[in-house]
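Please look through the structure shown here and work through the questions that follow on its helices, loops and pocket.

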Amino acid sequence: MDTERDADELLAEGAAAPVEGWDFSWLAGRATEERPPWGYSRLVGARMATVRAALDIDTGGGEVLAEVPAPPPLLVATEAWPPNVPVARRNLRRIGAAVVQVADRPPLPFRDATFDLVVSRHPVDTWWDEIARVLRPGGSYLSQQIGAGTVRELSEAVLGPLPPPASRRPEQAVAAAEAAGLTVVDLRTATLRTVFHDVGAVVWFLRKVVWTVPGFTVDRYRAELRRLHERIRAEGPFVAHAQRFLIEARRP
C-alpha cells in the first residue's frame, strides 16, 4: 500500500492518471469494492442470447457489453461522454456492436419498438419514457443502478455533512417505470463495502465517478484530501459503502 508516500505525490499521481472508459483496473491493489450478488454481466449475457435486437445505454467504454458471449444480430450502444466514444468503438468492434454518440438528454435516436432488450449499467439518468418507446411489446429493460447515498462516507469526508439523499431510491425507479407504462418484474438491492487504501486512489475515483463530489478538483479540495491522507495513515484504509439496485421492467 501507499500510505507512507507523500500526500502531494499521491495527489499528483491520482490527478494525472487517465480516466477514459469505464475500466477501474487502475485501482488494483489500491481500492476494492464488493460485487453485487446478482451478477449483472452474467444476467445481461443470458438475456442477449435470447433476443434479436438489443441496446446498451450509457455503455461507458463498452467494457461490460464487450464480454457478452453471444451478441444478438442487432446490437447498439449509446454513450454521451465524448472521450468514451472511441474507447467503446474499439472495445465493441469485436462483437459487432455499433456505438452511437448521443446527447445527455432525450430523445434516443431510434424508432419506436426497435429493441427486444434494453440494458444499462449505472446510467446517469434513466429516461423511462424513451426506454418504453424503443422497446417492442414484450421487451425488457434490465439495469444495475447506483442507489441513494452511495459512498456517502467519502462524499462527506470531502464536503462535510450532507442532507439525506433525495433521489436514486429503488422505489422512485419503480414508480417512474410504472408511470411510463412498464411492469416491474424484478427489484433487488445491495450494500457493498468499498475500501480505499491511499488518497491517490480517492482522487482517481472522484475524477472518474464525478457525481460523488460534484465539481471535484485536487486544487479545490487539497486541504480535505490532505486530512484524508493523514487519517488513512493513522487509522488504516478508508471504508465507505456503495448502494446498488437491480431493476427489470417489461413492456406489456
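**Questions on a predicted model**

Q: Where is Ala177 found, and what is its relative accessible area?
A: Ala177 is found in helix α6, where helices (H or I, at least four residues) and strands (E, at least two) are DSSP runs, numbered from the N terminus. This is a predicted model, in which local features need pLDDT of at least 70, side-chain atom pairs count only at pLDDT 80 or more, and totals for chains, interfaces and linings use all residues. Residues are numbered from 1 along each chain as its sequence is written, and side-chain values use heavy atoms, with hydrogens and water left out. Buried means under 20% relative accessible area, exposed over 50%, and partly exposed in between (1.4 Å probe, protein chains only), and Ala177 is buried, with a relative accessible area of 0%.

Q: Which residues does Ala177 touch, not counting residues up to four places away in sequence?
A: Contact means heavy atoms within 4.5 Å. Leaving out residues up to four places away in sequence, the residues that Ala177 touches are Trp128, Leu182, Val184 and Ala249.

Q: Which residues of α8 are buried, and which are exposed on the other side?
A: Helix α8 spans residues 222–235 and reaches 20 Å from its first C-alpha to its last, close to the 20 Å expected, the expected span being 1.5 Å times one less than the number of residues. Its buried residues are Leu225, Leu228, His229 and Ile232. Seen down the axis of α8, these buried residues fall within an arc of 105 degrees (taken from the directions from the helix axis to the C-beta atoms), so they line one face of the helix. On the other side of α8, the exposed residues are Arg227, Ala234 and Glu235.

Q: What is the relative accessibility of His122, and what is that of Arg168?
A: Most residues other than glycine have a negative phi, and most peptide bonds are trans. His122, in the loop between β5 and α4 (128–134), has a positive phi near 60 degrees, while Arg168, in the loop between α5 and α6 (170–179), has a positive phi near 65 degrees. His122 counts as buried at 8% relative accessibility, whereas Arg168 counts as partly exposed at 26%.

Q: What is omega of the peptide bond that joins Pro106 and Pro107?
A: Pro107 is found in the loop between β4 (98–101) and β5 (115–121). The bond that joins Pro106 and Pro107 is cis, with omega about 5 degrees.

Q: Which residues does Arg111 touch, not counting residues up to four places away in sequence?
A: Arg111 is found in the loop between β4 and β5, and counts as exposed at 73% relative accessibility. Apart from residues up to four places away in sequence, Arg111 touches Arg133 and Val134.

Q: How many residues of each class are in the lining of the second largest pocket?
A: The second largest pocket is lined by 16 residues, of which Gly149, Ser155, Pro165, Trp211 and Thr212 lie nearest its centre. Ala, Val, Leu, Ile, Met, Phe, Trp, Tyr, Cys and Pro count as nonpolar, Asp, Glu, Lys and Arg as charged, and the others, Gly among them, as polar. By class, the lining has eight nonpolar, six polar and two charged residues.

How values were computed:
1 Å grid on protein atoms, 1.4 Å probe; cavity = no way out; pocket = protein on both sides within 12 Å on 5 of 7 lines; lining within 4 Å.
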